[in-house]
Structures are given as C-alpha cells and as structure tokens.
There are 2 protein chains.
Amino acid sequence: MSEKKTEKVIIIGSGPAAHTAAIYAARAELEPLLFEGFMAGGVAAGGQLTTTTEVENYPGFPDGIDGPTLMDQMRAQSVKHGTRIKTETVSKIDLSCRPFAVTADSGEYVAQTVIVATGATAKKLEFPGVEEYWQKGISACAVCDGALPIFRNKPLVVIGGGDSACEESTYLAKFATTVHLLHRRDELRASKAMQKRVFDNEKVKVHWDTVAVEVLGEKTVTGVKIKNLKTGEQSLIEAGGLFFAIGHVPNTAFLDGQLETDETGYVITKPDSTVTNVPGVFACGDVKDHVYRQAVTAAGSGCMAALEAERFLADGE
Amino acid sequence: MSEKKTEKVIIIGSGPAAHTAAIYAARAELEPLLFEGFMAGGVAAGGQLTTTTEVENYPGFPDGIDGPTLMDQMRAQSVKHGTRIKTETVSKIDLSCRPFAVTADSGEYVAQTVIVATGATAKKLEFPGVEEYWQKGISACAVCDGALPIFRNKPLVVIGGGDSACEESTYLAKFATTVHLLHRRDELRASKAMQKRVFDNEKVKVHWDTVAVEVLGEKTVTGVKIKNLKTGEQSLIEAGGLFFAIGHVPNTAFLDGQLETDETGYVITKPDSTVTNVPGVFACGDVKDHVYRQAVTAAGSGCMAALEAERFLADGE
C-alpha cells in the first residue's frame, strides 16, 4: 500500500550512542537514516556533550577534546560512512505495525528496525545565575567534570539528596577543599550506605533544609547564596563550582509507553544487550543507562545496538 | 606484616578496556598501577588493535586512525592522568587473600581491587603465507576490517564452521563479489539459523572437507591455495582477503580458575556490569565479551570497571 521506502534502520538521537550506532550500521551497509532532532530534549543536536566544555576522559584524546568538537567528529564520521541525517525531532513512533512507523517534522517514515538513542536530560533548577554560569562552573555531572582544573582545591556546592548526590559529593571531595551538600529536607533520600559515605567524609558538610537562591560569579562561579527554609536566613558560600545532582529525565516521551521502561522512564533492555521488549527495536546510551552515563559507555552500547540490528535483519531475511 | 604498598587498584591489560579503566581510575584519584605485559597473549602491549592497520569505526576519528596510534594515544592519556605502567606480564594472582596478591616479573604486588582486562587472542592457523600477509589481507575480525577498501568488490575466503564463521561470511558478502567459506568437515557446527543465512546467501559458496594450504600474494593477498581432504585435490581460489573465524582464546590462564568463567574461559560478569564472582575483582573488554569484541565496546566496559572499583572502594572505607 505505502509507497514509502522501507528503511533498514532508523536511528533516533544525536549523541555518542546514536552516532556510534550509525557508524557501525553504515559500515554494515544498512544505510541508516538518523534523526538528530531539532533542540530535542532541550539541547542541540549532539546531546549532553554539547553542553560540556573539555572532555578529558573519552579515550583516544590524550590532550582532551571539547564536547562539541568530539560530537562534530562523530557526526562527520557517521556521514562519511553513509548515514543520512535529518535535523528533525521524532514526535511519534508506532511499534504496533511492521515495518515500524516513525513520525518526524517532515512526515512519516517506515523502518524494519529502530535504534532509540535519545539520551536523558539532566534536571537543573532555575534561579538567578544558573543560566549565566552554566558550564562555567555549573555542571550536572561530577564524574564527567569534577576532575577539571577549575574545580580543584576549591570549595564546591552540590544540590540533591539521593544516591547520586551522595556519590557525587564524596567523589568531588577528592578534588575539593570542602563539599557543601545542600538538601531541602532534614534527611537524605539516599540509601543508608550512601548516607554513611557522606557522614564519614570529613570534607563533606551537609546543609539541611537549605536551598540555593543565587549563583554569584565573575568569569566562573565564585559563590552560591543559600537560604535556610526553616529560619529564612540567607548566607553566602564561597565556591568554585555548583553541581546539580537531582536526577535526569530519560527522553522517552515520544515512545508513549510502547517500550518497557522502569518507573523513572529508562528503557529496559535484556542483560548485556540493547534488545528491548519489542523485537527489532534497540535502545542504547543514556536513555537506557542511569548508572554509568559516560560518553564512552554510550558509544559502546551504540555499537552493540547496530550489531544487534544487523543480526536481527540478517535473521529475518 | 607486609611492607608492600597496598595499591587501590591494579589493572591487568593494555588494550582499550585496560586504558579506559586506567583513565577513569586515575581521574578518580585511585592512582592505578597497570601491568601492560610483555608480549602477553602473544601480542605487543596495546592488544589486538596493534595488529590492525586502519580503524574506521572507533567513534571520534572521522578519517580513521591506525590501531597502534589509537592505542598509543589511549596509553598517553592514562599516563597523563597519573597511571603508573609496568611493561611486565602478570603470571599469577591470588584472590584468596585480602589485599589481593599479583605476581609479575619484578615481584609481588598487593591491591584492594583488581581489574582484569587481558583480552582474548584470535586463533589463527599456520601455513605458508599467513605470517607474511597477516594484516595485509589476512584478518581475524570481519566486523573490524571487512569494510576496508582493500576487501571491497573482491572474492574473499573465510575459514571456519561455527556461528562466527557463518556470521562473518554473510557480513563479508555485503562487500565481496563472492565469499568462499572453507570448512574442514562435511557439515557446519553453527546453529541452524546461522547455517540458513549462509545457504540462503547466493554470494557465499561453502567448500566442504576443505582446508587452506597456502596464501599467495604480492603486496597483499591475491589468492588462497586449498585442498580437498577427501580427494586430496588442490586448487587455487583468487581472493583479495582471508579471514580466520575459528574463535578466540580469552587470556585467563593466569587466573588459574579463581574467577568464574564459561566453558571457553571467558570471565562471567553480573548482567550489565563488570562485577565478577569475587568482590573487588572486575573484568572488562574481550576477556569477558565474546559477542561484540569491538574497541569501543571494550573501552565502554573499561569505564564501567573503573567506576565500579571506585564504588567498591568508597563503600569499604
């Protein structure tokens, strides 16, 4: 009925997972069509790395590489090997039919397999100074950014109260003079083990019932104004950095419940694979990973997704 | 009792998994000590990539990068972040004591955590021409090398009879004019599904009861002399490439059975992690992966191992 070309594989996403999947799919002659989105998930094509400055831990670049450049190079590589890229956001997908239907800005596309690599978006709070100093001393990933020179031997502020906040606080304590953990309640939501790490660490100071109200800075962050919610008292913490550790939102809304996810919305995949509950649909990168969330782990799972899509197609032929 | 310094983490290996683990461990201030080996597993430090020429599919390098250069850069990066590297092979490890004991050429070392990233070695057969044309038209990884220009639009030869041989044959059929699959028996060992892929593919020709006896070439491979084991008859196949698909041997002998492995010797890890059956010991890269076996998947799992070692140490403090 349809006169549309049936694609072998459509890839949705624009970060390391998506482009690694594209590189492998293209080299396997699957002629991938990739939707990189247009400000999808609130960030430019390229994903969370485009909001980073220097990336020191992506293996292969001993002198570091800045995030946008790394993504430009991955994108160039997937294009070079034959990936067709559309700068459109996928708004809807229908996994109940075969081939699958994918709706983007310019219309509907159909594909035998779909690789979901739409990532996750770090939550941040909005108060004065956040926008101005974002990535100039404000970050949402301690493991990615904590070891950068601008954060070393300075007091740092972390906002959050869950496992991530505790883990990131103790991680940052390795580099910081002091870590100020701000939590809006009077007890942490984190597991007992994680709480213990925080309480046992002399360099981490917990500020209960406390929120940040303003970020101060010059070229980069110099301090965070805080407010005690019980007393209403405001004070200033001198700090070289502010880290949001209040979670991420996986970009899965467009799936409309058609893939199995956990309660937070992360796509569930079979162990040690990218296979979802729908045969022919694969998920890779941060959209299915709330544990490691690194550029190189995302890239690795993108490779896995392409190889699995290739196998799926070969078996179906 | 011991006056030895207890290391926080010892990493054993020298490929993408080992160095990515080292980069992450070093950045987390774990001061990793890495044993890169001295011709361990039959290859130079750097792992299987050092036996490759151009790597087109490692994301971040749109123009490709040759294997040894990529490994040099990863090694430089792990050194830059503080990894101490010893060019010694680990001969023995004792996981029954805490801290763990690691025996290398220069003596015994002790560590709170160990990351095993010793890789796997591709099996190859030895007959005239193999050594001469190794990586000049001979490869042990179709997915890594099959799409390279030197293999395109030429007849290719694959040796093997298992799932990998079938998968690699059909993969190579995308690029080759014909794929000649040589198998020494009169039936394939591969699963029925994989056999079907081969039999259904017009471009793959199976040569039963057949072995290769010589590789011919000029600058690169030009042909493979084969012999029918039943008739004794020899003939020449014109071919631009020869692929061994007869399996890999994971480099786990030094573990002496102290980590749980599968029947082939691959280290077993908990799903979606690098955690082994011994708490504090992590495995990453090809030593635990016989499915994907790519530089980028190995690197991704190396990152996971370092983050897990870091968590293990933080919990134990």
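**Between the chains**

Mentor: Twelve salt bridges are counted between chain B and chain A. This is a predicted model, where local features need pLDDT of at least 70, side-chain atom pairs count only at pLDDT 80 or more, and totals for chains, interfaces and linings use all residues. Residues are numbered from 1 along each chain as written, chains are lettered from A in the order written, and side-chain values use heavy atoms, without hydrogens and water.

Trainee: What makes the pair Glu56(B) and Arg27(A) a salt bridge?
Mentor: The term asks for a side-chain nitrogen of Lys or Arg within 4 Å of a carboxyl oxygen of Asp or Glu. In this pair the closest N and O atoms are 2.2 Å apart, so the pair is a salt bridge.

Trainee: How do you know that the copies meet through the same surface?
Mentor: Of the interface residues of chain B, 98% are also interface residues in chain A, so the surface is the same. Contact here means heavy atoms within 4.5 Å, and 52 residues from each of chain B and chain A take part.

Trainee: Why are the copies described as related by a two-fold rotation axis?
Mentor: Chain B superposes on chain A by a rotation of 180° with 0.0 Å of shift along its axis, at an RMSD of 0.0 Å. The copies are therefore related as by a two-fold rotation axis.

Conventions:
Least-squares fit on C-alpha atoms with pLDDT ≥ 70 in both.
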